[in-house]
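I opened a notebook page for this structure and wrote down what I looked up, in the order in which I looked.

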Amino acid sequence: MKHDYIDKYSDLNSLIHRLDPRIKIICFVAFILFAIFTRPTSFIAFALYGALIAALFLLSKIPPGFILKRSLVIIPFILMVAIFIPFFKKGEIAGGYSFGTLKLTVTYDGLMILWNILVKAYLCILSMILLITSTKLSDLLKALEKLRFPSVFIMIISFMYRYIFVVQDELMKMRQAKEARTTGGSRWFHVKVIANMIGVLFMRTYERGEDVYLAMCSRGFNGKIKIIDGFQLKMKDFCFMLIIMSILTVIRIFGS
């Protein structure tokens, strides 16, 4: 069965792809921090942040449709958290809505908070998409290890990426078997079957995890990620980091 892997475009030949993964992590984390600590009313700064990330996407040669599709998937989850803030935040009323006996008012302060959450979250999502899409997962995890990230955190990400598709295949096969063997039936019957499928899937996942752990122990795995190519910082990596940090500082000073 086919899956759309996270690092689908990680083999492209571009300036962003050729950068050292450690430099990319540092730069994109800095971008996120600068965006988060920018005041909500600094509209020019947010526009400049957007222009910067758009320029980096152009340099990376990643298809815009792929970026847009990936980024918009997250927006509904953000809206689920923030959409009600304008109705409950106290302040100057911007408008009111009536739904029968229910009356809701929207405040300017609430709208500003909603804007603040949406724009910062979207900028952070775009930066993370660029980082993950332009870097092979093995290189990204090795870079995190070099930067002294917790090894447990790195291993969880590694196993999640490696085996989530295997678990998905198991679920799809079980679903096909269910559809081939059942026709009609009450809603309660289908709910019961799905609950049984989830239980079986959990047991298979647990057993597979035990098998993988024993196989890794028998091969002398010591908790460190090994890759063929080593990392070597070059002058272009330092220049890129200096340019990005300078641009972020200028935006922070003059865009606010």
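I searched the whole structure for aromatic pairs and found six, where rings of Phe, Tyr and Trp (its six-membered ring) pair if their centres lie within 6.5 Å, with planes under 30 degrees apart stacked, over 60 edge-to-face and the rest tilted. I noted that this is a predicted model, in which local features need pLDDT of at least 70, side-chain atom pairs count only at pLDDT 80 or more, and totals for chains, interfaces and linings use all residues. Residues are numbered from 1 along each chain as its sequence is written, and side-chain values use heavy atoms, with hydrogens and water left out.

Tyrosine 9 lies in the segment before α1 (15-18) and phenylalanine 66 in helix α4, 57 residues apart; helices are DSSP runs (H or I, at least four residues), numbered from the N terminus. Both tyrosine 9 and phenylalanine 66 are buried, where buried means under 20% relative accessible area, exposed over 50%, and partly exposed in between (1.4 Å probe, protein chains only).

Next I took phenylalanine 46 and tryptophan 115, which are edge-to-face because their centres are 5.9 Å apart and their planes at 85 degrees. This pair links helix α3, which holds phenylalanine 46, to helix α6, which holds tryptophan 115, 69 residues apart. Phenylalanine 46 is buried at 4% relative accessibility, whereas tryptophan 115 is partly exposed at 32%. I also recorded that Phe31, Phe43, Phe46, Tyr49 and Trp115 form one aromatic cluster.

Definitions and conventions. Helix = DSSP H or I, 4+ residues; strand = E, 2+ residues; numbered from the N terminus.
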